[in-house]
There are 2 protein chains.
Amino acid sequence: MSEKINRLLVLKQIITLNRIGKQDDLLNILKQRGFALTQATLSRDLKELKVSKTPDAEHGYIYSLPSHSMRKRMASNVSYSNLGFQSIDVSGNIAVIKTKSGYANSFATIIDEFFLSEIIGTLAGNDTIFLTIKEGSSFQELKKALIVNIPELKEFIK
Amino acid sequence: MSEKINRLLVLKQIITLNRIGKQDDLLNILKQRGFALTQATLSRDLKELKVSKTPDAEHGYIYSLPSHSMRKRMASNVSYSNLGFQSIDVSGNIAVIKTKSGYANSFATIIDEFFLSEIIGTLAGNDTIFLTIKEGSSFQELKKALIVNIPELKEFIK
DNA sequence: AGCCTAAATGCATAAATATACAACATGTCT
DNA sequence: AGACATGTTGTATATTTATGCATTTAGGCT
C-alpha cells in the first residue's frame with residue numbers, strides 16, 4: 001500500500017529529472033527501479049499527480065509536473081523537514097493538524113500553495129490548522145495528497 | 001496561408017476560454033467557426049502552440065496553453081497594440097526589429113517572456129532590437145511565432 | 001478475528017493522438 | 001516565368017493513452 005506512495009514519489013522524481021515522452025519509457029524506468037506495474041496503473045498515477053504531456057522544442061513531447069509542485073522547491077534549496085508538524089486527525093469533514101507553537105501559519109501557507117483538490121480551505125491559529133475536506137474526498141485521500149506533495153511528512157503521518 | 005495563422009489564433013482563444021479534453025471536441029468547435037481541417041492538422045497545431053494535455057480535478061483532462069502565453073495578458077487587461085513596433089528584417093541569423101524611440105527595451109522584455117524556441121537571445125538599444133535566431137530555425141518561423149504570440153503584430157509584419 | 005467497504009491493480013480493449021507518406025500549395029531566387 | 005525549396009494538409013495507420021470490468025488487496029470497525 002505504502003508501495004503506491006513510494007511509487008508516486010519516485011515517479012515525480014523521475015519526471016523532474018528526465019525528459020520523457022511516453023508512458024512506456026516511464027514504465028521501463030520504474031521497473032528498473034523495482035516497481036511492478038502496468039501501463040494502466042501508470043496512466044492512473046500520472047492522472048493522480050496531475051502530470052501533463054507537453055510539446056517540447058527538442059524532444060517531441062515530455063511529461064511534466066504542475067508548476068507549483070516542484071519549481072520552487074527545486075530552485076530554492078528549501079527543505080521542509082522542520083515544518084513543525086506534530087499530528088493530523090479528523091472529525092467529520094474537518095482535518096486538524098497540530099504543529100509546534102507558532103508554526104501553524106507558515107505550514108498552512110505551504111499547503112495552500114499546492115492547491116490540493118481535496119481541500120476547500122485552510123485556517124491557521126498558532127499551533128493548529130483546520131482543513132476543510134472537499135465533499136467527495138476522504139481523510140485518507142487528503143493524507144495521501146499531503147505526503148505526495150510534502151514527502152518529508154511521510155514518516156510522521158499514520 | 002494566413003489561414004493557418006488565423007486558425008492558430010482562434011485555437012488559442014478557444015483553449016483559454018473553454019475546458020476541453022479531447023481533440024475531437026476542439027475540432028468540432030473549429031469547424032463550427034468555419035475552419036476546414038482534420039484531426040491530424042489539429043494535432044500538429046497543438047504541438048506548434050505547445051498546448052499540453054493536463055489532468056483536471058473535474059473534467060478528466062483539459063488542454064491548456066503554456067502558462068506564459070496567456071495568463072498575464074488575460075489577467076491584466078493590457079493591450080499590446082502600441083508597442084511601438086515599426087519593422088522587422090533579417091541578416092544571417094540576426095533579426096532586427098525597429099521600434100519607436102525608447103520602446104525597444106520594453107518590447108524586447110515582452111518577447112523574452114514568451115521564451116520563443118526560435119530565439120536564443122535578445123539585445124535592445126533605444127529603438128532597435130537584435131534577436132539571435134536559433135540554429136535550425138528560419139526567419140519565417142520566427143515571424144510566425146511572433147505573430148502567434150502577439151496577434152497585434154499581424155497587421156504590421158510582412 | 002472477521003466482516004465490510006474502499007482502494008489498487010491487471011487485463012483487454014476502446015479511445016485518443018501522433019506521424020509516415022504522398023500530394024499539393026506557396027514562396028523564393030535567379 | 002521557371003525551378004527549387006519549403007510549408008501545409010489529408011489519408012491511412014501506428015502509436016500511445018485511458019478506462020470498463022473483474023479481481024485482489026488493504027483498511028476500518030465492531
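Analyst: A residue is called buried if 20 or more other C-beta atoms lie within 10 Å of its own, exposed if 12 or fewer do, and partly exposed in between, with C-beta atoms placed from the backbone. By that count, 21% of the 158 residues of chain A are buried. This is a predicted model, in which local features need pLDDT of at least 70 and side-chain atom pairs count only at pLDDT 80 or more, while totals for chains, interfaces and linings use all residues. Residues are numbered from 1 along each chain as its sequence is written, and chains are lettered from A and ligands numbered from 1 in the order in which they are written.

User: What makes up chain A, in helices and strands?

Analyst: Helices (H or I, at least four residues) and strands (E, at least two) are DSSP runs, numbered from the N terminus. Chain A has 6 helices and 6 strands, and along the sequence they follow the pattern α-α-α-β-β-α-β-β-α-β-β-α.

User: Why are the buried residues of α5(A) said to lie on the same side?

Analyst: In helix α5 of chain A, residues 104-113, the buried residues are A104(A), F107(A), A108(A) and I111(A). They cover an arc of only 100° around the axis, which puts them on the same side of α5(A); the arc is that of the directions from the helix axis to the C-beta atoms. The face turned away from this buried side carries the exposed residues T109(A) and E113(A).

User: Which elements do the buried residues of α5(A) pack against?

Analyst: Two residues are in contact if their C-beta atoms, placed from the backbone, lie within 7 Å. The buried residues of α5(A) pack against β3 (85-91), β4 (94-99), β5 (119-124) and β6 (128-133) of chain A. Just after α5(A), F115(A) takes a positive phi of about 45°.

User: How do you know that strands of chain B pair with β6(B)?

Analyst: Two strands pair if DSSP finds at least two bridges between them. Strand β4 (residues 94-99) of chain B is joined to β6 (residues 128-133) of chain B by 5 bridges, and the two run antiparallel; here K98(B) has T128(B) as its bridge partner. Strand β5 (residues 119-124) of chain B is also joined to β6(B) by 5 bridges and runs antiparallel to it, with L123(B) bridged to F130(B). β5(B) and β6(B) form a hairpin with 3 residues between them.

User: What makes the relation between chain A and chain B that of a two-fold axis?

Analyst: Two copies of a chain are related by a rotation about an axis and a shift along it. Copies are superposed by least squares on the C-alpha atoms of residues with pLDDT of at least 70 in both. Chain A can be laid on chain B with an RMSD of 0.2 Å by a turn of 179° and a shift of 0.0 Å along the axis. That is the relation of a two-fold axis. The same surface serves both copies, as 100% of the contact residues of chain A recur in chain B.

User: Which strand gives the largest share of the side of chain A that touches chain B?

Analyst: The contact takes 9 residues from chain A and 9 residues from chain B. On the side of chain A, the largest share, 4 residues, comes from strand β1 (residues 52-56).

User: Which residues come nearest to DNA strand C?

Analyst: A residue is near a strand if its C-beta atom, placed from the backbone, lies within 6 Å of it. Of the 23 residues around DNA strand C, those that come nearest are A40(A), T41(A), K22(B), Q23(B) and A40(B). The largest share of this surface, 5 residues, comes from α3(B).
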